[in-house]
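Subject: Structure handover and notes

Dear colleague,

Please read the notes with the coordinates open beside you.

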Amino acid sequence: MVDIDLSQAPFSLLDEAGKSRVTNGVDMAYFDTGEVILDAGQSGEYMYIIHKGEVAELDTTLSDARARIGHYTAGDVFGAISILNGKSRYRFKTEQETLCYLLPKAIFEQLCDAYPTFGDFFRESLANKTRLLVERRASDGVSMAGFMLARVAECMRAPCLANEATTVAEAVAMLNDQHADSLLVQAVGQVGIVTKTDLLNALILQGHERGSLVLGIAHFTLVTARPDDYLFQALVSMTRHDVARVVVMEDGQAIGVVELTDVLSYFSSRSYVVSLEVEQADDLVALARASARLPELVRALMSQGVKLNFAMDLLAALNGRIISKAFQFLIPSQQQSQGCFVVMGSEGRGEQILKTDQDNALILQDGVDWPTCGDDMQRLTETLFMLGYPPCPGNIMVSNPEWVNSESGWRRTISRWASRRDGDSLMNLAIMLDAHAVAGNGQLLDGIRQHLFDSCSHDEIFLSYFAKIALRFATPLTLFGTLKRPAHGIDIKKGGIFPIVHGVRTLALECRTAPTSTLARLDALAAQGRLEKEFAADLGEALSLFAELRLKQQLARLDGTGKADSDPNLVVVQSLSSLERDLLREALHIVKDFQQRLSHRFHLEY
């Protein structure tokens, strides 16, 4: 009886007919301990699927101590590359008695021709492998994943256009004729937007005449998108900027508008409901109720196959809005524009899925008189705790006076940290480098970040100290390049997430890259030529894989299916599927390569 799990990749890329060709076409073979199944230089005649046993992958060009580069167990697949390339590059040798299913070369090639994504899976990088899986889930009819792949161009409507000579009365008539809620005003070298609400306020509250120019009430700070952007990003932008529409731009020209109602025609899941609850909350009780629904949203996104970076973007935008509204509820209006409330750590990078510890700070304008600031910040910290954001164990919060300072005070502090270069100072700079403004006057943070760049980005000695932190933890791979398998699990944060996050942060500091998210920093570094585009993409996918494995354990603990006292950073390799083990092993090798690159660039080997 054929007992192959075809629910995992690469077989999940086949339809039922394709899977039947696998089960009907395989033979089974027994191999004794120490037997060579496929030798280096040998032509590939089968794809092997391990039923029981263990197989080592050996590079015969290396010494015996270094030759073992891979390890395969039940459910793993090998030999496909040998068929595609014509011969095997490596030797595959059993380490114990092994049973394998053998899929003949002819059937494998037929499947590759009939199902291109199946063949592509064996040729692609880590980034493309994970992309193939997401696209496959979308094609299988997962509505949320399908939405993830929809583009702005599929949803935008033609813009209602006015020129600088258009009057208010003419603008109202245009909106009525075209059944639109907004119009774009084209002036020399710029585009503005006017909504129905703007026109109503202009006529009723501001006393504009019907014959006055609409140009005088247009807003020229637009939230924009490109036609090939993901539609999901448009929703994130609307949430982050608290607007109901984005303007679609191409080659400097406005070519369309995407309204929130347009997005909802594509997207009717819980994420919009939660967004709406956050926006409609008019007191802390209502805000807490909306905030408490975020884990429910995370489960919905994950269960429907949403790619993790999309989920992180939406959750970061929602968390930002929740914190911003709490700030607005608590802080006197006259003080709100005199300070900038920033979040740091994973929240600052937009990489927090489930709420973690608070990491925040306050930047005050020089010369501000705010006698109740200490009490206000204490109340804000307590309120954020009530909203589900636990206190920071390291006390990096605005309730701690050390994390509340004026512009000039922060500059002095950053200069002091940069000159000291001790462990605490370096980590404080790392935290501040990830700072993201969520409330108040965001321009205050821009000045502080500029000073941080000026103080550190050209100092080679400082950068070497800073980069060395990324090498603090070794990747959890054995000497032979296989996954370590301690019973308690491998620490995915220390061995995978942290080296990528801090290594990319270091390069971003050196290149004075403004974005704070690791994925956005990788895009910027690739655009600058600092990292190869394919390697940057693989680093991003590795980070997403680690975060997803960690998130699964966090959700299991919340659902009661995992141990309440378990560390979500510990991943037990033995509990993973064969695909997850394969991707995890590949991702950790990418991390190891990245650490070696950092070591070479910043001369850490000395």
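Strand β4 (residues 55-58) and strand β7 (residues 91-94) pair in the antiparallel sense over four bridges, where strands are DSSP runs of E of at least two residues, helices are runs of H or I of at least four residues, and both are numbered from the N terminus; two strands are taken to pair if DSSP finds at least two bridges between them. Within this pairing, Ala56 stands opposite Lys93 of β7.

Before going further, please note that this is a predicted model, in which local features need pLDDT of at least 70 and side-chain atom pairs count only at pLDDT 80 or more, while totals for chains, interfaces and linings use all residues. Residues are numbered from 1 along each chain as its sequence is written, and side-chain values use heavy atoms, with hydrogens and water left out.

The β4-β7 pair belongs to an open, antiparallel sheet of four strands in the order β2-β7-β4-β5. Its edge strands are β2 (36-38) and β5 (68-72), each of which pairs on one side only. Neighbouring strands of this sheet are turned against each other by 30 degrees on average, direction ignored; axes here are lines fitted to C-alpha atoms (for helices over the stretch in contact), and angles run from 0 to 180 degrees between N-to-C directions.

A second open sheet has three strands in the order β12-β13-β14, with mixed pairing. Because β12 (224-225) and β14 (253-259) stand at the edges with a single partner strand each, one side of each is left without a neighbour in the sheet. β12 runs parallel to strand β13 (residues 245-250) and is joined to β13 by two bridges, with Thr224 opposite Val247 of β13. Helix α9 (residues 231-241) packs on this sheet, touching β13 and β14, and its direction makes about 130 degrees with that of β13; contact means heavy atoms within 4.5 Å.

Turning to helix pairs, the axes of α1 (residues 16-25) and α3 (residues 105-114) come within 11 Å and cross at roughly 175 degrees. α1 is therefore roughly antiparallel to α3, a term used for angles over 145 degrees. On the α1 side the contact involves Gly18, Arg21, Val22 and Gly25, which meet Ile107, Gln110, Leu111 and Ala114 in α3. By class, this contact has four nonpolar, three polar and one charged residues, where Ala, Val, Leu, Ile, Met, Phe, Trp, Tyr, Cys and Pro count as nonpolar, Asp, Glu, Lys and Arg as charged, and the others, Gly among them, as polar.

For α12 (residues 284-291) and α14 (residues 308-330), the axes come within 11 Å and cross at roughly 170 degrees, and these helices are therefore roughly antiparallel to each other. Leu284, Leu287 and Ser291 of α12 make the contact with Ile322, Lys325, Ala326, Phe329 and Leu330 of α14. These residues divide into six nonpolar, one polar and one charged.

Finally, a cavity is a set of points on a 1 Å grid over the protein atoms alone where a 1.4 Å probe fits but cannot get out, and lining residues have an atom within 4 Å of a point. The largest cavity is lined by residues including Ile323, Glu347, Asp357 and Tyr389, and by class its lining has four nonpolar, four polar and three charged residues.

With best wishes

Notes. Angles under 35 degrees count as roughly parallel, over 145 as roughly antiparallel, 65 to 115 as roughly perpendicular and the rest as oblique. On a 1 Å grid over the protein atoms alone, a cavity is a set of points where a 1.4 Å probe fits but cannot get out, and a pocket is an open set with protein on both sides within 12 Å along at least five of seven lines; lining residues have an atom within 4 Å of a point.
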